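Good morning, and thank you for coming. I would like to take you through one model, from its overall make-up to a few individual residues.

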Amino acid sequence: MSAARRAGAAPAGGAAGLVLRRLGQGAGVMLAAAALAFAISQFAGDPVSAMVGLDAAPERREAARAALGLDRPLALRFLDWAAAAAQGDLGLSWRLRIPVAETLAGRLPATVELVAVSALIAIPLGLAAGTWAGLRPGARASRALAAVSLLGASVPTFVIGLALIQVFAVELRWLPASGRGGTVDLGGWRTSLLTAAGWASILMPALTLALFQLPVILRLARVETAEALAAEHIRFARARGLPERVVTAHALRNALPPVIAASATNLGALLAFSMITETVFQWPGTGLLFLQSVEAVDAPAIAGCLVLAAAIFALVNLAADLAHLALDPRLRG
């Protein structure tokens with residue numbers, strides 16, 4: 001059953017009930033992420049050795065354990081950690097020796113801009129191509145688009161990235177192969193979108209992420225458009241002799257809201273896949289920070305990345321639901 005058909009009936013409690021349920025689900029996700037992050041921060045690696053060294057005397061190690069609060073009951077440590085995390089205190093990075101929250105704040109702009117630029121490429125192109133293919137389901141070009149999108153969805157992200165580097169950085173030498181250049185500081189937010197060098201450095205990573213997302217949007221738009229055109233009320237409108245452009249406009253109003261909402265939700269998946277892209281292009285975002293922290297067994301940084309990812313994913317899903325509510329009046333009850 002398509003998303004458009006599932007959206008046909010208003011949810012119990014109307015729009016307010018849907019928003020409250022999504023807030024509750026987001027709170028559950030955050031609680032689970034906090035528990036996982038706390039477990040990692042406590043049991044991944046040895047914070048005492050990271051603090052005083054492996055050869056420290058037993059008395060010094062015990063003092064370090066007391067200073068870190070490791071001699072207290074586990075439940076109390078979790079409550080203290082969660083209270084501190086809610087205030088933005090995610091501990092000190094063992095690898096960098098600076099607060100994790102400060103590190104994440106410095107890396108987050110790079111990831112946000114990478115995901116935003118890739119979405120600006122993928123969503124309009126995917127919607128346009130998928131809608132066009134859905135309006136012509138039997139055409140050869142439509143079937144070819146479906147086949148190409150399936151092929152694109154099956155190619156790993158790192159393969160796309162390496163191929164782009166080979167063509168545009170090695171062979172043509174048009175774009176830099178790695179790094180983030182041309183950044184400008186705007187009140188604590190370092191952006192690469194205000195300079196030519198910044199756009200040159202972000203273009204290949206963003207295109208890599210876009211080519212991962214575009215086939216999903218294209219196929220969803222194609223299916224939703226074709227199903228909307230086959231709906232009973234559309235067939236009835238055609239039987240009454242309504243102009244085809246009017247019929248198509250009615251069908252698209254039903255097909256596009258779930259596609260746009262699903263595209264917004266897919267931004268959460270982009271955050272996960274961005275770590276692969278950031279690694280290939282050495283893009284200094286939160287994804288690269290996470291992998292570097294895993295390699296160094298930097299438990300506080302790993303925990304901080306997980307909490308940040310869960311918070312962003314919950315907010316993105318809530319925004320997608322609100323967008324769906326705004327676009328589809330049937331959901332408002």
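Let me begin with a term: a contact means heavy atoms within 4.5 Å. In the protein chain, residues 24 or more positions apart account for 72% of the contacts with a separation of 6 or more.

Two remarks on the source. This is a predicted model, in which local features need pLDDT of at least 70 and side-chain atom pairs count only at pLDDT 80 or more, while totals for chains, interfaces and linings use all residues. Residues are numbered from 1 along each chain as its sequence is written, and side-chain values use heavy atoms, with hydrogens and water left out.

The protein chain has 13 helices and 2 strands; these are DSSP runs, H or I of at least four residues for helices and E of at least two for strands, numbered from the N terminus. Of its 333 residues, 39% are buried, where buried means under 20% relative accessible area, exposed means over 50%, and partly exposed lies in between, with a 1.4 Å probe and protein chains only. The accessible surface of the chain comes to about 16900 Å², and carbon and sulfur atoms hold 68% of that area. Accessible areas come from the Shrake-Rupley method with a 1.4 Å probe, and for residues only the protein chains shown count as cover.

I turn now to the interior. A nonpolar core is a set of buried Ala, Val, Leu, Ile, Met, Phe, Trp, Tyr and Cys residues joined through side-chain atoms within 4.5 Å. The largest such core has 14 residues, and those that touch the most other members are Ala 37, Trp 81, Leu 90, Leu 104 and Cys 305. Two or more residues come from each of α2 (14–43), α5 (74–86), α6, α12 and α13 (299–327). Which element gives the most to this core? That is α13, with 4 residues. A second, separate core has 10 residues, including Ile 202, Ala 206, Leu 270 and Trp 283.

Beyond its neighbours within four places in sequence, Leu 90 is in contact with Ala 85, Val 100, Ala 101, Leu 104, Pro 300 and Gly 304. Ile 40, in helix α2, touches Ala 299, Ile 302 and Leu 306, again leaving out residues up to four places away. Ile 40 and Leu 306 are 266 residues apart along the chain, yet their C-alpha atoms are separated by 9.8 Å. In helix α12 (residues 286–295), the buried residues are Thr 286, Gly 287, Leu 288, Leu 289, Phe 290 and Ser 293.

Next, the charged pair. Side chains of opposite charge can pair when their charged atoms come close. A salt bridge is a side-chain nitrogen of Lys or Arg within 4 Å of a carboxyl oxygen of Asp or Glu, and by this rule the count is 1. Glu 113 and Arg 180 form that bridge, with their closest N and O atoms 3.0 Å apart. The pair links distant parts of the chain, 67 residues apart: Glu 113 belongs to helix α6 (residues 100–135), and Arg 180 to the loop between α8 (157–171) and β1 (184–186).

Is Arg 180 buried or exposed? Arg 180 counts as buried because its relative accessible area is 17%, and Glu 113 is buried as well. The side chain of Arg 180 also reaches the backbone oxygen of Arg 190 at 2.7 Å. This is a polar contact, that is, a pair of N or O atoms within 3.5 Å; within protein, one must be able to donate a hydrogen and the other to accept it, and residues adjacent in sequence count only if both atoms are side-chain atoms.

Thr 191, in strand β2, joins this group: its side chain makes a polar contact with the side chain of Glu 113 at 2.6 Å. With a relative accessible area of 4%, Thr 191 is buried. Thr 191 and Pro 109 are 82 residues apart in sequence, and 6.8 Å apart C-alpha to C-alpha.

Trp 189 lies in strand β2 (residues 189–191) and is partly exposed, because its relative accessibility is 34%.

Finally, the backbone. Arg 97, in the loop between α5 and α6, has a positive phi near 60°. Arg 173, in the loop between α8 and β1, has a positive phi of about 55° without being a glycine, and at 70% relative accessibility Arg 173 is exposed.
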